[in-house]
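Have a look at the picture first, then read on.

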Amino acid sequence: MTTAETPVAGRPLLLRGGTVLTMDDNHTVLTEGDVLVVDDRIAAVGAAVDVPEGTQEIDARGGIVMPGMIDTHRHMWQTAMRAYGADWTLTQYFVWYYLEHGKTFRPEDIHAGNLTSAWESLEAGVTTTVDWSHGLQSVDHAEAAVDALRAVPGRFVLAYGNIQAGPWEWTADPAVRAFLERLRDDDQIGLQLAFDVTGDPSFPERAAFEVARELGVGVTTHAGVWGATNDDGIRLTHENGFMTPQNIYVHAATLTEDSYQRIAATGGSVSVATESEQSAGQGYPPTWQVRKYGIPVSLSMDTSVWWSGDLFTAMRTTLGADRAREHLEAHVKGDTVTHSHLRAEHVVDWATRGGARALGRDDLGSLEPGKKADVVLIKNDSSPVSFPLINPYGHVAFQAQRGDVHTVLVDGRVVKYANQLVGVDLPAVRRAVEATVDFLRGTLGDEAWAGGMNPDLPKDEVFDNPYQYTEYKSESTREARGTIFGDPGS
Ligand SMILES: [Zn+2]
């Protein structure tokens, strides 16, 4: 087979001779290793593995073979607005989406965003993406979101949410419940509930947590977000018995020791979106904190309204943020950091195993016989950045980018090959997104559209509560932190 031919479906596939980051429990690295895929599973990993008759081969020499990456928090519906909010703060994001224009999105706009985002994930080697879908104002919107995900051969989890209504309201809607029950039993698309806990002492979110419990699905929640959520939400969730290992705490940036201990004690995980936290203002990326408490970490990109949709960027920004804080904290005391705590190997683990752990999917996240064949080959023979390959973890974390992703397999199916997506109708995806942009621009008017890239603040209440479905207000979400990095010990 020449490299120009895309492997055909239904035959065993061997990635031959690559540097293999297995991400198994021992983080075994093979040089000149083979990975054999049969049907939807990894059949063998090793040196010069025996292959069944009819096996097709991909030459992985000079490349890195690793598990498909997993993004645990991405607002895919917002991708139709790519780069629109590049200069926003979190407050401006709340004004644009929560207060003013989020309700403008029609089902077909959700569909267009999800479709683009889903292909964007695959192109970057992100084989599993959690669609943190909080624009689902109706079941029609939800159907559109799922239809788009089904149209793309990746692995997706729909985290169902709706910023236009209280979680106790939309989870009580019989039509939403029927949709959720159908999706819970779906073997293709996973399900979570997505909502935030405001800290209102009456804990109105209880009803939504009860629905998640009845359905047997996890809750993903923006926790520890400056001006929105803080320790109160974590404490209420814990005191009411709703903190479970399935829960994912997104950002977790402005929490204190008390919350980290509750998360650690109940087995939940934290989804760190460093690129987001660094520029929107949720708080400092908390990797240094969660490490102290042994809380499992996964990585996420949040939204392409601002940021990139690939986990290479997530890995390098996370290393940068963690190391920058460590150096600066040391300098305050006249100390020098001589050895970095957070290493390239750790962030590669978080981008793969970490996501699988967060989603309770022990069949994903590593290259081992019997696991699902979600596999990425990073190889770009025409790039001077592809050599020398001395430190593969460092190469993935700081050198590689989405264009270097040569091959992507999801469930054993080739979805990217020879650095090109397979089976995508990109002109159709582009037309769908352009139709959404035209609709939004037309609905808002040119002035509001242009102004929306740097929106004014129409109401001051956004500072104490961005959630328009509740009257609850608390200044405590923006109480002075005391230290720059908010170290709860200081
Ligand atoms: Zn988010």
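## A buried histidine

Start with His75: its relative accessibility is 1%, so this residue counts as buried. (Buried means under 20% relative accessible area, exposed over 50% and partly exposed in between, using a 1.4 Å probe and protein chains only.) His222 counts as buried too, because its relative accessibility is 8%.

A quick note before going on: this is a predicted model, where local features need pLDDT of at least 70 and side-chain atom pairs count only at pLDDT 80 or more, while totals for chains, interfaces and linings use all residues. Numbering runs from 1 along each chain as its sequence is written, and side-chain values use heavy atoms, with hydrogens and water left out.

## The zinc site

Which residues hold the protein donors of the zinc ion? They are His73 (NE2), His75 (NE2), His222 (NE2) and Asp302 (OD), at 2.1 to 2.6 Å from the ion. Donors here are N, O and S atoms within 2.8 Å of the metal (3.2 Å for Na, K and Ca); water is not among the atoms, so sites may look incomplete.

Along the chain, the donors follow the spacing H-x1-H-x146-H-x79-D. His75 sits in the loop between strand E6 (69-74) and helix H1 (90-101), and His222 in strand E10 (residues 218-223), so this pair ties together parts that are 147 residues apart in sequence. Helices (H or I, at least four residues) and strands (E, at least two) are DSSP runs, numbered from the N terminus.

## A hairpin to spot

Now find strand E2 (residues 29-38) and strand E3 (residues 41-46): they run antiparallel and are joined by five bridges. Strands pair if DSSP finds at least two bridges between them. Val37 has Ile42 in E3 as its bridge partner. Two residues lie between the strands of this hairpin, and Asp39 takes a positive phi near 55° there.

## Thr19 and its neighbours

Thr19 belongs to strand E1 (residues 13-21). With 13% relative accessibility, Thr19 counts as buried. Leaving out residues up to four places away in sequence, Thr19 touches several others, including Val29, Leu30, Ile64 and Leu389. Contact means heavy atoms within 4.5 Å.

## Zooming out

The protein has 15 helices and 17 strands. Of its 490 residues, 59% count as buried. Its C-alpha trace spans about 65 × 55 × 45 Å along the principal axes. Among contacts between residues at least 6 apart in sequence, 76% join residues at least 24 apart.
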